[in-house]
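Welcome! Please take a moment to look over the sequence and the 3D view, and then read the notes below.

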Amino acid sequence: MKRASCVRGGASCLITGAERGRLSPRREALLQARIKDLSLRLGGTPLERYIAQLHAELEAKGISFKPQCYLSDEWGCPSGVPVIGLPFYLADPDLLSIEAELGGSAETEAEILMYLRHEAGHAFNYAYRLEVKFGPETPGSPHLVLPTDLSDELRGRLERAAITAFRALKLRDYARIDFRVSSRTNEPYLLEVNPNPYLETQCEVAMGAKQRGLGYEALVQRIVDTAARRHGLGVGRGATAGAPLREAAPAPY
């Protein structure tokens, strides 16, 4: 669950000349500054209070682990490291307003706490070396499969529910919608909506696309082209026009 910033180069959000023209000289200077030159700190900002609330919630559940936090270019927990990165623009009111103006929105207090709790789960996993979900597959451990025995009725319900969730949450370009299916009743339950899932070659999104006949390079190109069309830009050479890719129904565990 990561959200890229519009106020730093290399992010996924495109900024047009017209949008840049709306900025005052002082805010334009902020946009051009290097992160290390902004003298940003967690201390003394609302982020300090949100982090303290996260730690208090963990303490209330009997969890002594309190993940350290730092300012980064996006939400995230580095692989194998039990720390949480928060977008740097959240530490400065001016940068936050630029993000909201150019990106269309910025995180609310409720969303900041939601992302903190989500990343805390990853940090906890790394701190205690829990490998049930993320570790190497061993005999008897959970492993990822693409089901081939789903009935047409169940597959249709999953796909319709995934599309409904995608549209209801106003997601764009691609997402991964996770379900669990009851082994007793065969009833599907929506588990999680990941609006920006990772895109490794062996990840669920890539595996689902491959099952649908779309290779990894074509998948990435299609995501880029879908975003480019939304911004009125040209698409890549050899790209296939059409609606954003919908991933195959996730495997029930």
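Here is a short briefing, grouped by topic.

This is a predicted model, in which local features need pLDDT of at least 70, side-chain atom pairs count only at pLDDT 80 or more, and totals for chains, interfaces and linings use all residues. Residues are numbered from 1 along each chain as its sequence is written, and side-chain values use heavy atoms, leaving out hydrogens and water.

**Overall layout**

- The protein chain has 8 helices and 4 strands; these are DSSP runs numbered from the N terminus, with helices (H or I) of at least four residues and strands (E) of at least two.
- Starting at the N terminus, the order of elements is α-α-α-β-β-α-α-α-β-β-α-α.
- Of the 253 residues, 38% count as buried, where buried means under 20% relative accessible area, exposed means over 50%, and partly exposed lies in between (1.4 Å probe, protein chains only).
- Contact means heavy atoms within 4.5 Å. Among contacts between residues at least 6 apart in sequence, 56% join residues at least 24 apart.

**The nonpolar cores**

- A nonpolar core is a set of buried Ala, Val, Leu, Ile, Met, Phe, Trp, Tyr and Cys residues joined through side-chain atoms within 4.5 Å.
- In the largest core, with 30 residues, Leu47, Ile84 and Leu116 touch the most other members.
- Helices H2 (25-32), H3 (46-60), H4 (93-103) and H5 (109-127), along with strand S2 (83-87), each supply at least two residues of this core.
- H5 gives the largest share of this core, 6 residues.
- Leaving aside residues up to four places away in sequence, Leu116 touches Tyr50, Ile51, Leu54, Cys69, Trp75, Ile84 and Leu86.
- A second, separate core has 12 residues, including Leu154, Ala165, Ile177 and Val193.

**Helix H8**

- Helix H8 (residues 216-230) has 15 residues and reaches 22 Å from its first C-alpha to its last, close to the 21 Å expected; the expected span is 1.5 Å times one less than the number of residues.
- Its buried residues are Leu219, Ile223, Asp225, Thr226, Ala227 and Ala228, and helix H7 (204-211) is among what covers them.
- Just after H8, Gly232 takes a positive phi of about 75 degrees.

**Cysteines**

- A disulfide is a pair of cysteine sulfur atoms within 2.5 Å, and by this rule the count is 0.
- Cys69 counts as buried at 18% relative accessibility, and Cys77 counts as buried at 10%.
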